[in-house]
Amino acid sequence: MMLGTYFAVVLGLYLVPLTFSSPCIMERKDLGPRPAILGHRGAPMLAPENTLMSFQKAVEEKVYGVQADVVISYDGVPFLMHDQTLRRTTNVEEVFPELAYDHSSMFNWTDLERLNAGKWFLKNDPFWTVSSLSPSDFVKAANQSVCKLTEMLETIKDNTTVLLNLQDLPEDHPYYATSVNVTLDTVLTSGIPQQAVS
């Protein structure tokens, strides 16, 4: 009798989940629309953040939109960089060791172009995804440079929307008062639809 009761309870526990209705168990036709996915600094698990490769990967993955951090160089060129200094995501300590702790906006564009913005990604492997890169993507990631805003806008303009985060500039920066205007001019001349930019 106890054995029969035991088997009845076990059988009941086994069959009870079949009576539940769960959103995890749905037919594809009954699913709602795919959620909108934003690529934060591009596709930072597939390529170094805020680089042209990162935004190309985001477009390939068909994201709804991308987010980027915009800084104005000392000579007025909008470029993409999240941190206040260039130390984490470039080789500034090798190329300009005396300027490594300076604000990223205090560099001229000609100096920023000399920096490598990809080797740190391969070395630090921040998302443990470097081993999944193809050999060609590995080489491409190793050769990324600091990305201009115009380059990123050209890459994404026909495929996705963009959310721009404007970084604060030091008060002694020549574009301190006009950084928004410089960024806006760059966006307007890029050809990206205005409604696609936030």
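**Close-up 1. Asp125, in the loop between α5 and α6.** In this predicted model, Asp125 sits in the loop that runs between α5 (119-124) and α6 (135-142). Its backbone is worth a look: phi of Asp125 is positive, about 45°, although the residue is not a glycine. Most residues other than glycine have a negative phi. Is Asp125 buried or exposed? Its relative accessibility is 18%, so Asp125 counts as buried, the cut-off being under 20%.

**Close-up 2. Lys62, in the loop between α2 and β2.** Here's another non-glycine residue with a positive phi: for Lys62 the value is near 60°. You'll find Lys62 in the loop between α2 and β2 (65-72). With 63% relative accessibility, Lys62 counts as exposed, because the cut-off for that label is over 50%.

**Close-up 3. Helix α2 packed with helix α7.** Two packed helices are described by the angle between their axes and the distance between the axes. For α2 (residues 52-60) and α7 (residues 149-156), the angle is about 15° and the axes are 9 Å apart. Angles under 35 degrees count as roughly parallel, so α2 and α7 are roughly parallel to each other. Their crossing is right-handed.

**Close-up 4. The residues where α2 and α7 make contact.** Which residues make the contact? From α2 come Leu52, Phe55, Gln56 and Val59, while α7 brings Glu151, Met152, Thr155 and Ile156. Sorted by class, the contact of α2 with α7 has five nonpolar residues, two polar ones and one charged one.

Conventions:
Residues are numbered from 1 along each chain as its sequence is written. This is a predicted model: local features need pLDDT of at least 70, side-chain atom pairs count only at pLDDT 80 or more; totals for chains, interfaces and linings use all residues. Side-chain values use heavy atoms; hydrogens and water are left out. Axes are lines fitted to C-alpha atoms, for helices over the stretch in contact, and angles run from 0 to 180 degrees between N-to-C directions. Helices (H or I, at least four residues) and strands (E, at least two) are DSSP runs, numbered from the N terminus. Angles under 35 degrees count as roughly parallel, over 145 as roughly antiparallel, 65 to 115 as roughly perpendicular and the rest as oblique. A crossing is left-handed if the near helix is turned anticlockwise from the far one by less than a right angle, and right-handed if clockwise. Contact means heavy atoms within 4.5 Å. Ala, Val, Leu, Ile, Met, Phe, Trp, Tyr, Cys and Pro count as nonpolar, Asp, Glu, Lys and Arg as charged, and the others, Gly among them, as polar. Buried means under 20% relative accessible area, exposed over 50%, partly exposed in between (1.4 Å probe, protein chains only).
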